[in-house]
Amino acid sequence: MYYHDKRLQYPVHVTNPDPAFARMLQQAIGGVEGEIRVCMQYFFQAWGNRAPTTKYRDMLLHTATEEIGHIEMLATAVALNLEKAPTHLQEEGVKDSIVGAVMGGENPRHSIEGIIHKNLLSGGMAAMPMDSDGVPFNMSHIYASGNVAADMYCNVAAESTGRVLAVRLFNAAHDEGMKKMLHYMIARDTMHQQQWLAVIEELGAEAMNLPIPNSFPQDMEDQQNNYNFYATSVDGTFPEGRWTSGPSMDGKGEFTVFRNEPLGDEPVMGPARPDSGAQNQQIG
């Protein structure tokens, strides 16, 4: 159950509306590194959490709900940046935009004008659940494995790429109000990265809780290949680093280099079945 407050989590003001920047903000809403993604990821991780204590579930729910507020802020920013855009587009202008995109080898729906048109015509000068190319958010990159440690690593990665995007948007912003909103969101990304890393540490497993899942006995895995770096170049050369020699990160083995070569035989498939729809020559 959730409650809402009509006030924004952080002030959102736009002095000089910029439809092109509104299009860029759409990536922070519905892109793979956007706020819908992390919001839904944290919710589904929480709803499926089976840890002995409920505190991780509760923490995820708090943060997922916070992310709803971030989506609201960004949606407000998109709308404010579109306020002075035309409410209708001249047919010739649309035609010229599409023809120009096609002649330039560009997909018209991916042009700046095309995305702005979608915000104007379908969204009524408002944000849409899509990325900056107009692709709708489809939930295909929500990671909720049921393994708390695995989910936390996914969350660190999600907040890291989200912070990269927010920084790029900050650098691209010309409006001071947009910079203030983004500097707040960048700060929250910093906190969330630290938050998920704190959970990993608190889980108490050795070597940053790796390997995941730690419930599988390591003595049952292939002991000859669990710490080998596979060199897959034709001449056998490889980039030497911390991962090619010395003790493994968990202290349970030694890094070695294995020049990749076949460990199995060439697969031999049986003939096609009579009812498979294959050619007669294939059927044994």
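**View 1. Contact of helix α1 with helix α6 in a predicted model**. From α1 (residues 19-30), Phe21, Met24, Leu25, Gln27 and Ala28 meet Leu165, Leu169 and Ala172 of α6, where contact means heavy atoms within 4.5 Å. Seven of the residues in the contact of α1 with α6 are nonpolar, one is polar and none is charged; Ala, Val, Leu, Ile, Met, Phe, Trp, Tyr, Cys and Pro count as nonpolar, Asp, Glu, Lys and Arg as charged, and the others, Gly among them, as polar. The axes of α1 and α6 come within 10 Å and cross at roughly 170 degrees, with axes taken as lines fitted to C-alpha atoms, for helices over the stretch in contact, and angles running from 0 to 180 degrees between N-to-C directions. The two helices, α1 and α6, are therefore roughly antiparallel, a term for angles over 145 degrees.

The structure is a predicted model, in which local features need pLDDT of at least 70 and side-chain atom pairs count only at pLDDT 80 or more, whereas totals for chains, interfaces and linings use all residues. Residues are numbered from 1 along each chain as its sequence is written, and side-chain values use heavy atoms, with hydrogens and water left out.

**View 2. The largest nonpolar core**. This core has 23 residues, and those with the most contacts inside it are Phe21, Leu25, Leu74, Leu169, Met178 and Met181; a nonpolar core is a set of buried Ala, Val, Leu, Ile, Met, Phe, Trp, Tyr and Cys residues joined through side-chain atoms within 4.5 Å, buried being under 20% relative accessible area with a 1.4 Å probe and protein chains only. At least two residues of this core are supplied by each of α1, α3 (55-81), α6 and α7 (176-202), the helices being DSSP runs of H or I with at least four residues, numbered from the N terminus. Not counting residues up to four places away in sequence, Met181 touches Tyr10, Pro11, Val12, Leu25, Met73, Leu74 and Ala77.

**View 3. Met139 in the loop between α5 and α6**. Met139 is found between α5 (112-121) and α6 (148-172), and its phi is near 70 degrees, a positive value in a residue other than glycine. Because its relative accessibility is 33%, Met139 counts as partly exposed, the class between 20% and 50%.

Technical notes
Parallel < 35°, antiparallel > 145°, perpendicular 65-115°, else oblique.
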